[in-house]
Amino acid sequence: MAGVRAHAQVEAGVAKPHESRRVLITGISTYWGGRLARALEADERIETIIAVDSEDPSCELQRAEFVRVGNQHALLRRIVDAAAIDTVVDTRLVVDSATTTPQAAHENNVIGTMNILTACAGPASTVRKLVVKSSTHAYGCEQDDPAFFTEEMPRPHAPRTPIERDIVEAEAAVAEFAERNPAVCVTLLRCANVLGADVSTSHTQLFSLPVVPMIAGFDPRYQFVHPDDLVAALEHAVEHHLPGIYNVAADGVLAFTEVCGLLGKRWAPVIPPWGTGPTLAVLRRLGLRIPPEMVNQLRFGRGVDNRKLKATGFTYAYTTRETVLKFAEHLRLHPVLRGAQEPYRYEREVEEFLRWSPSVRDTEPRLDPFQVRELQRLLASYVASEGEAAGGNGEPAGEAAGRDGEPARRDGDRAGDGAGPA
Amino acid sequence: MDAPAATLGREAPLPEPADLRRLLPGVEPEREIDDWGRSERVEALLDRTVLDFAYRYWFRCEVEGIEHVPAAGGALLVANHAGALPPDALMIAKAIKEEHPHPRPLRITVEHFFRGYPGFSALMPKIGCVPAHPANVHRLLHDEQQLVLVFPEGRKGTEKLYKGRYRLRRFGRGGFVEAAMRAGVPIVPVCVVGAEEAAPVFAHLSFLKRLTGLLYVPLTPTFPHLGPLGILGYLPAKFRIRFLEPVDFGPDHPWEDKAAVQMAAHEIRARIQRELWKMLAERRSVWLG
């Protein structure tokens, strides 16, 4: 053991880089899978990104390849072997029971994890690195908790809610995998609750209410993480050699009332401290879903120590307070922007055409849809101000959009109506 | 498998303690509440309205040996504990604020049961109370270099009856010595005289305890017959707080050594007990000092 520890060295507080070339991302239908795939696409050192899920991807993929798989690990194993995958990132864990049924969550969290681990295991496997996104729900929330959980602290009590049981079970499976496959660098990221514009969790829903309900007599401590930081942490784990468990949570632990204050919300201690369960059952009927794993958090709160990850050279872009302020911005903008952006819909034929058709011209580096839109807007204003013939200047805009991927093309069409003939 | 894995098979070594201290989250000046839940606003409010009056006029606290509280760095204050809902912790915190040349905030460790009581759970962190968990104490003492107050007698101290006043109970399992040795900070023993008489406990009402599910339900001069707030009905006993000379273990004391820990704990307990008896012998009146 000591030899292994000495081997896995962290020098001068910064982890050494890890050679990841061929990455497989599971759970591309989740927000995290999509965000990570987009982030890794921008990294030129990564040759191949394969995204698997049983459902459609949640966002536009540019060079990542999507493969739809069921839950059978045999299939996944074949993909891993065929593509000589060296890094598997598992972003698929369900950590909020309000998003799905307990049965589906169990199937996904426990059986799914088992299947993925099976696909990576074995002496012949090409996998050298496994990154698993888990949740700080693994620690639970009890009254005799420490104020800051560190990674090596065991959970003081057995889990009581289905989702916590699933997470604990999945983590145990990952630990067993790490034990049996010492050649694989296993990173487990325990992420705090996320608060962000594009993510819908039980917490974002709670804080979106006009008046935020609380359990009377309790003011729990809350720590959040910004979605950008979480994606950056996943990317950091892919890029660096980080064997072990790491907490991912922003600096700063806020009191619940402080969070409400920053969001500009009123809070109401209306949930009784005794008989909380039946009251929440009634509230659930009325449309306020507070999942069981959140009840104890609303009572006792939770803080985690994020210094182990920071010691590997990772820096957070947002503190908890800044995360909450960002979310407050979103809440203020939301009524204005609602419905302005269509959700992405995966269309297989279109994606395949764009990827494989010889008619698609794809020599230029791709532009962000946002950049394309900006460019077109600038060009349009230039055309208008110069008062020249629109035909001559309209062409580059059309071409820029044409060279880009499918989404940009859609944007290009929309903008093209105003800019002139494309 | 019930407990989650605390480690994965092949782990990177933990960061160095010096690194951990460097990596502590920075203080955000815009915030009124710190990471432990302490609220300056609530604390100042309580100080203005209640504590100042109690310290100056009700208990007429007299403080000796304040120079033994270090002006910088972590230190563990160890005191005797008494009274139904003991006022001694807040008076010690106030004494440091009032008398010390470099006033510092004091973290008071409390039983984690209080986190389960509605009202207390919200209020206690706001005024600087921290659940007594070894990890909390270590982080405060070692990483944050703060002053921490512990009552090693714990519940046994507050549960003791008036007839057993100023007789120290067992000092836990010596966990406080272990915490100080591990963090490499000194222990400052503190003796408080007066708290026993300010909130004497005559008996325990076990049927009410069972009925309410509280930690204990004491019978005091004003509680429970004057209602729940009667628990705050302190008698105006004269308080005398004496800080004793610190015990310094040095930076690299072997804190895993149970025998050394027990011996040190025993010694500190004996010192506080001796000093308490000395103070009691000097005291002429419970009310006037």
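Helices (H or I, at least four residues) and strands (E, at least two) are DSSP runs, numbered from the N terminus. On that basis chain B has ten helices and nine strands. This is a predicted model, in which local features need pLDDT of at least 70 and side-chain atom pairs count only at pLDDT 80 or more, while totals for chains, interfaces and linings use all residues. Residues are numbered from 1 along each chain as its sequence is written, and chains are lettered from A and ligands numbered from 1 in the order in which they are written.

**Overall form of chain B**

The radius of gyration is taken over C-alpha atoms, and the globule rule is 2.2 Å times the number of residues to the power 0.38. For 289 residues a compact globule would have a radius of gyration near 19 Å, and the 20 Å of chain B agrees with this. The C-alpha trace of chain B spans about 60 × 40 × 40 Å along its principal axes. A residue is buried if 20 or more other C-beta atoms, placed from the backbone, lie within 10 Å of its own; buried residues make up 42% of the 289 residues in chain B. Two residues are in contact if their C-beta atoms, placed from the backbone, lie within 7 Å. Of the contacts in chain B with a separation of 6 or more, 74% are between residues 24 or more positions apart.

**The sheet**

Two strands pair if DSSP finds at least two bridges between them. Chain B has an open sheet of seven strands with mixed pairing, in the order β1-β9-β6-β2-β5-β3-β4. At its edges stand β1 (62-64) and β4 (129-131) of chain B, each with a single partner strand, so one side of each has no neighbour in the sheet. Neighbouring strands of this sheet are turned by 25° against each other on average, direction ignored; axes are lines fitted to C-alpha atoms, for helices over the stretch in contact, and angles run from 0 to 180 degrees between N-to-C directions.

| Strand pair | Sense | Bridges | Residues opposite each other |
|---|---|---|---|
| β3(B) and β4(B) | parallel | three | Val110(B) and Pro131(B) |
| β2(B) and β6(B) | parallel | four | Leu76(B) and Ile187(B) |

Strand β6(B) is mostly covered, with seven of its seven residues buried. Ile187(B), Pro189(B), Cys191(B) and Val193(B) point one way from β6(B), and Val188(B), Val190(B) and Val192(B) the other way.

Helix α3 (residues 88-99) of chain B lies across β1, β2, β3, β5, β6 and β9 of chain B and runs at about 170° to β3(B).

Helix α7 (residues 175-183) of chain B is largely enclosed by the rest of the structure, because seven of its nine residues are buried. Among them are Phe176(B), Glu178(B) and Met181(B). The buried residues of α7(B) pack against β2, α5, β5, β6 and α10 of chain B.

**The side facing chain A**

In chain B, 39 residues are in contact with 50 residues of chain A. On the side of chain B that touches chain A, two or more residues come from each of α1, α4, β4 and α5 of chain B. The most come from α5(B), with three residues. By class, this side of chain B has 20 nonpolar, ten polar and nine charged residues. Here Ala, Val, Leu, Ile, Met, Phe, Trp, Tyr, Cys and Pro count as nonpolar, Asp, Glu, Lys and Arg as charged, and the others, Gly among them, as polar.

Methods: A residue is buried if 20 or more other C-beta atoms lie within 10 Å of its own, exposed if 12 or fewer, and partly exposed in between; C-beta atoms are placed from the backbone.
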